[in-house]
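Q: Let's go through this one and ask what stands behind each label. Ready when you are.

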Amino acid sequence: MRDYQRRYKEQHGYYQTRLYDRGRKKQYTITCAQCSREVTVTKASSQYCSHACWYGAKKARRSQIEPAWKPFLVAPRVAPVVVLRPLRRRWFSACCPMCSTWFVTDNPVHQHCSPRCGRRAAKDKRRAMERKAFVAPVNRQAIYQRDRWVCQLCRKPVARGKAVPHPKAPTIDHIVPLARGGTHEPANVQLAHYHCNTIKSDGEWAGGEQLALIG
């Protein structure tokens, strides 16, 4: 690099890095065609002193249309107005497999009446898959009707209108617990009180002995 700078200086008389030695652009004095003001510019072909004057002259040229030509100007074609009718929705009715409630929806993919029922079904399926158990669709209401709303552990009726965590609320109990290799299918589930199901947990039901211990 030093050799290059030395050769450059021998050829031009100064180092290349001295920017202040470069010659400035040539300047011209013109009279603005819009505001008639004398200004100094760097282009010999410049006619205006600023962009404002240039835009003003351009606007004036566009406005200078002879009236005789106006009748011959073709009016723009206006597209006809098209009234779009709203698309008709198709409604579907289905019965929720979790709470046995009939509902109406516009999406045939929906299988549950509410996000709550959907989360409950997904939770049951996820628990079974975590145990690597066989999973089949389980309709809670069908299981409740099959067992005639009677707890299969203590043989007492459940409270239909109650929900967990009420002790007598209806729940689904796995006859063979998932922790012991049971499956999640209608043949391996039964109706049970929330209280009884909690006592049994993943063990075996011992009848009144467990209720006596808890009581």
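Q: What pattern does the protein follow, read along the sequence?
A: Along the sequence it goes α-β-β-α-β-β-α-α-β-β-α-α, with six helices and six strands. Helices (H or I, at least four residues) and strands (E, at least two) are DSSP runs, numbered from the N terminus. This is a predicted model, where local features need pLDDT of at least 70, side-chain atom pairs count only at pLDDT 80 or more, and totals for chains, interfaces and linings use all residues. Residues are numbered from 1 along each chain as its sequence is written, and side-chain values use heavy atoms, with hydrogens and water left out.

Q: Why is Val189 called buried?
A: Buried means under 20% relative accessible area, exposed over 50%, partly exposed in between (1.4 Å probe, protein chains only). Val189 has a relative accessible area of 0%, so it counts as buried.

Q: What is Val189 in contact with, leaving aside its neighbours within four places in sequence?
A: Contact means heavy atoms within 4.5 Å. With those neighbours set aside, Val189 touches Val138, Ile143, Arg146, Ile172, Asp173, His174 and Ile175. Val189 itself lies in strand β6 (residues 189–193), and its C-alpha is 4.5 Å from that of His174, 15 residues apart in sequence.

Q: What makes Cys95 partly exposed?
A: Its relative accessibility is 33%, so Cys95 goes down as partly exposed. Cys95 sits in strand β3 (residues 92–95). Beyond its neighbours within four places in sequence, its contacts are Ser100, Thr101, Trp102, Phe103 and Gln111.

Q: What makes something a pocket, and what volume does the largest pocket have?
A: On a 1 Å grid over the protein atoms alone, a pocket is an open set of points where a 1.4 Å probe fits, with protein on both sides within 12 Å along at least five of seven lines; lining residues have an atom within 4 Å of a point. The largest pocket has a volume of about 1,200 Å³, counted as the space filled by probe spheres set on the points, which are joined across faces, edges and corners.

Q: Which residues lie nearest the centre of the largest pocket?
A: Of its 44 lining residues, Arg120, Asp124, Arg127, Arg140 and Ile172 do. α3 gives the most to the lining, with nine residues.
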